[in-house]
Amino acid sequence: MTLRVPQVVLGELHFQQATSALKALGTISEAFQELAGITQSNYGHKCNETTIRNQVRAKIDRWLKNVGGAEISTPVSAIDWASVVDAAVWRKPPFTFDPKDQKNEKGFRDAVILETVAHTCAALPADKLVVFVCNDYLLRTTAESRLQASKKFIELAG
C-alpha cells in the first residue's frame, strides 16, 4: 500500500501551516518593534514571508517522503469543468451553502479532491485499489455515490 495525497490537500495543508507561521512572525515583528522602542536600539530577524512559505513546504515534502508517499497532481485537463461549474451553481455535492453565510457556497477544494480521486480510480490498473480516507461527511458520501460502480474504490471514514 502506498500513500498518495491530492495536490489540493497538500496545498491546503501548506496554506494553513504557513498562515499560522506568518501570524507568529507578525507577533515576533511587533515584539521587536516594541523592544526597539524601549531600548532605542535596532532589532530584527531574517525571516520573511517567502522564506517561511518555502520552509513550511519543505517540511511537508520531507514528511511525505519519509512516509513513502507521493503527491497526486490535479488532473486539470481531464476534469469536466462544465459539470463542476454546474454543481457549484446549483450547490450539488460536494458544494453546499456556507453555514456561516447562506449567500455563499463552499466546496471547490472538495470538488477538486473528488475529481482527483475519480481520475485516479479510472487510471489505475484493474488489480489496484484506491482507499479514500476522509473525515468530511459531505465529500465522503459524495465520493461514495459517484464511485459506487468502481470496483477500485474503498472509502474509510477519517
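Residues are numbered from 1 along each chain as its sequence is written, and side-chain values use heavy atoms, with hydrogens and water left out. As the model is a predicted one, local features need a pLDDT of at least 70 and side-chain atom pairs count only at pLDDT 80 or more, whereas totals for chains, interfaces and linings use all residues. Helices (H or I, at least four residues) and strands (E, at least two) are DSSP runs, numbered from the N terminus.

Helix α1, spanning residues 7–39, packs with helix α4, spanning residues 108–123, at an angle of about 145°, and the two axes are 8 Å apart; axes here are lines fitted to C-alpha atoms, for helices over the stretch in contact, and angles run from 0 to 180 degrees between N-to-C directions. On the α1 side the contact (heavy atoms within 4.5 Å) is made by Val 8, Val 9 and Glu 12, and on the α4 side by Arg 109, Val 112 and Ile 113. By class, this contact of α1 with α4 comprises four nonpolar, no polar and two charged residues, where Ala, Val, Leu, Ile, Met, Phe, Trp, Tyr, Cys and Pro count as nonpolar, Asp, Glu, Lys and Arg as charged, and the others, Gly among them, as polar.

Side chains of opposite charge can pair when their charged atoms come close. A search of the whole structure finds six salt bridges, each defined as a side-chain nitrogen of Lys or Arg within 4 Å of a carboxyl oxygen of Asp or Glu. One of them joins Arg 109 and Glu 12, with the closest N and O atoms 3.2 Å apart. Because Arg 109 lies in helix α4 and Glu 12 in helix α1, this pair ties together parts that are 97 residues apart in sequence. Arg 109 has a relative accessibility of 47% and therefore counts as partly exposed, on a scale in which buried means under 20% relative accessible area, exposed over 50%, and partly exposed in between (1.4 Å probe, protein chains only).

A salt bridge is also formed by Arg 53 and Glu 49, whose closest N and O atoms are 2.7 Å apart. These two residues are four residues apart in helix α2 (residues 49–66), so they are separated by about one helical turn. Both partners count as partly exposed, Arg 53 at 41% relative accessibility and Glu 49 at 42%. The side chains of Lys 92 and Asp 86 likewise meet in a salt bridge, at 2.5 Å from N to O; Lys 92 is partly exposed at 40% relative accessibility, and Asp 86 is partly exposed at 32%.

A nonpolar patch on the surface is formed by Met 1, Leu 129, Val 131, Val 133, Ile 154 and Leu 156, which together have about 640 Å² of accessible area. The elements that give two or more residues to this patch are β5 (130–134) and β6 (153–157). Patches are made of residues with over 30% relative accessible area and no salt bridge, with like charges joined within 9 Å and nonpolar side chains (Val, Leu, Ile, Met, Phe, Trp, Tyr) within 5 Å; accessible areas come from the Shrake-Rupley method with a 1.4 Å probe, and for residues only the protein chains shown count as cover. Val 131, found in strand β5, counts as partly exposed at 38% relative accessibility. Lys 128 is found in the loop between α4 and β5 and is partly exposed at 42% relative accessibility; Lys 128 and Lys 151 are 23 residues apart in sequence and 9.3 Å apart in space, C-alpha to C-alpha.

Several backbone features are located in loops. A cis peptide bond, with omega of about 10°, joins Pro 93 and Pro 94, and Pro 94 lies in the loop between α3 (81–89) and β3 (96–98). Arg 91, in the loop between α3 and β3, has a positive phi of about 55° although it is not a glycine, and this residue is partly exposed with a relative accessible area of 25%. Gln 40, in the loop between α1 and α2, is a residue other than glycine with a positive phi, near 55°, and counts as exposed at 69% relative accessibility.

Thr 142 is found in helix α5 (residues 137–146) and is buried, with a relative accessible area of 11%.
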